[in-house]
Amino acid sequence: ENATSNKRGRRTPCEMGGPMSGSKAPLAPEKGVFPLDHFGECKRLVAAYVGCLKEHGQDAAAAPCRELTRRYLECRMARELMVPQPLEELGFSSSSAGGKKG
């Protein structure tokens, strides 16, 4: 009988490649994949953004909505819910607080 098999001859989860089968470190999420905000740290900004979209007919380019988007991304970066990245790389200009590149 195999040492990693149980008494009935079935393979153990470790032997079958289950979640505890290796000692690999968890991988960071790929770009575009965001960890959930389990503690709701940026939830207020999400609610404000959705309200802004409703008010402006879902025109995401509206200046107030764009500013909320910038603040939301900053909130996520500050709380390590996404990899810190210059806002210019995310489409915001450095010249104005919420200006979009054009």
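Guide: Accessible areas here come from the Shrake-Rupley method, with a 1.4 Å probe. The model is predicted. Keep both points in mind as we go.

Visitor: How much accessible surface does the protein have, and what share belongs to carbon and sulfur atoms?

Guide: The total is about 8,000 Å². Carbon and sulfur atoms account for 57% of that surface.

Visitor: What share of the residues counts as buried?

Guide: A residue is buried when its relative accessible area is under 20%. By that cut-off, 23% of the 102 residues are buried.

Visitor: How many helices and strands are there?

Guide: The protein has 2 helices and 0 strands. Now look at contacts between residues at least 6 apart in sequence: 34% of them join residues at least 24 apart.

Visitor: Take helix 1. What end-to-end span should its 13 residues give?

Guide: Helix 1 covers residues 43-55.

Visitor: Which residues of helix 1 are buried?

Guide: First, the general idea. An α-helix has 3.6 residues a turn, so residues three or four places apart point the same way. In helix 1 the buried residues are Leu-45, Cys-52 and Leu-53. They cover an arc of only 100° around the axis, which puts them on the same side of the helix. These buried residues pack against helix 2, residues 63-78.

Visitor: Which residues are exposed on the other side of helix 1?

Guide: Lys-43, Arg-44, Lys-54 and Glu-55. Take Glu-55 as the worked case. Exposed means over 50% relative accessible area. Glu-55 has 63% relative accessibility, so it counts as exposed. Its C-alpha atom is 9.7 Å from that of Cys-65, a residue 10 places away along the chain.

Visitor: What follows helix 1?

Guide: Gly-57 does. Its phi is positive, near 65°.

Visitor: Next, disulfides. How many does the structure hold?

Guide: A disulfide is a covalent bond between the sulfur atoms of two cysteines. This structure holds 2. Count the bonded cysteines along the chain and the pattern reads 1-4, 2-3.

Visitor: Which cysteine is joined to Cys-42?

Guide: Cys-75, with an S to S distance of 2.0 Å. Cys-42 lies in the segment before helix 1 and Cys-75 lies in helix 2, so the bond ties together parts 33 residues apart in sequence. The angle about the S-S bond is -95°, and the link is left-handed. Cys-42 and Cys-75 are both buried.

Visitor: And which cysteine is joined to Cys-52?

Guide: Cys-65, again with S to S at 2.0 Å. This pair links helix 1, which holds Cys-52, to helix 2, which holds Cys-65; the two are 13 residues apart. The torsion about their S-S bond is about -100°, so this disulfide is left-handed. Check the burial too. Cys-52 has 7% relative accessibility and counts as buried. Cys-65 is buried, at 0%.

Visitor: Now charges. How many salt bridges does a search of the whole structure find?

Guide: Side chains of opposite charge can pair when their charged atoms come close. The search finds 3 salt bridges.

Visitor: Where do the partners Glu-41 and Arg-79 lie?

Guide: Their side chains meet in a salt bridge at 3.7 Å, N to O. Glu-41 sits in the segment before helix 1, and Arg-79 in the segment after helix 2. The pair links distant parts of the chain, 38 residues apart. Glu-41 is partly exposed, at 39%. Arg-79 is also partly exposed, at 37%.

Visitor: What salt bridge does Glu-67 form?

Guide: Glu-67 pairs with Arg-70, and the closest N and O atoms are 2.3 Å apart. They are 3 residues apart in helix 2, which means about one helical turn separates them.

Visitor: And how are Arg-70 and Glu-74 placed in helix 2?

Guide: They are 4 residues apart, about one turn of the helix. Their side chains meet at 2.7 Å, N to O. Shared partners join Glu-67, Arg-70 and Glu-74 into one network.

Visitor: Is Arg-70 buried or exposed?

Guide: Buried, with a relative accessible area of 12%. Glu-67 is partly exposed, at 22%. Glu-74 is partly exposed as well, at 32%.

Technical notes:
Residues numbered from 1 in each chain as written. Predicted model: local features only at pLDDT ≥ 70, side-chain atom pairs only at ≥ 80, totals over all residues. Heavy atoms only, no water. Buried < 20%, exposed > 50% of the residue type's maximum accessible area, 1.4 Å probe, protein only. Contact = heavy atoms within 4.5 Å. Expected span 1.5 Å × (residues − 1). Arc of directions from axis to C-beta. Salt bridge = Lys/Arg side-chain N within 4 Å of Asp/Glu carboxyl O. Disulfide = S-S within 2.5 Å.
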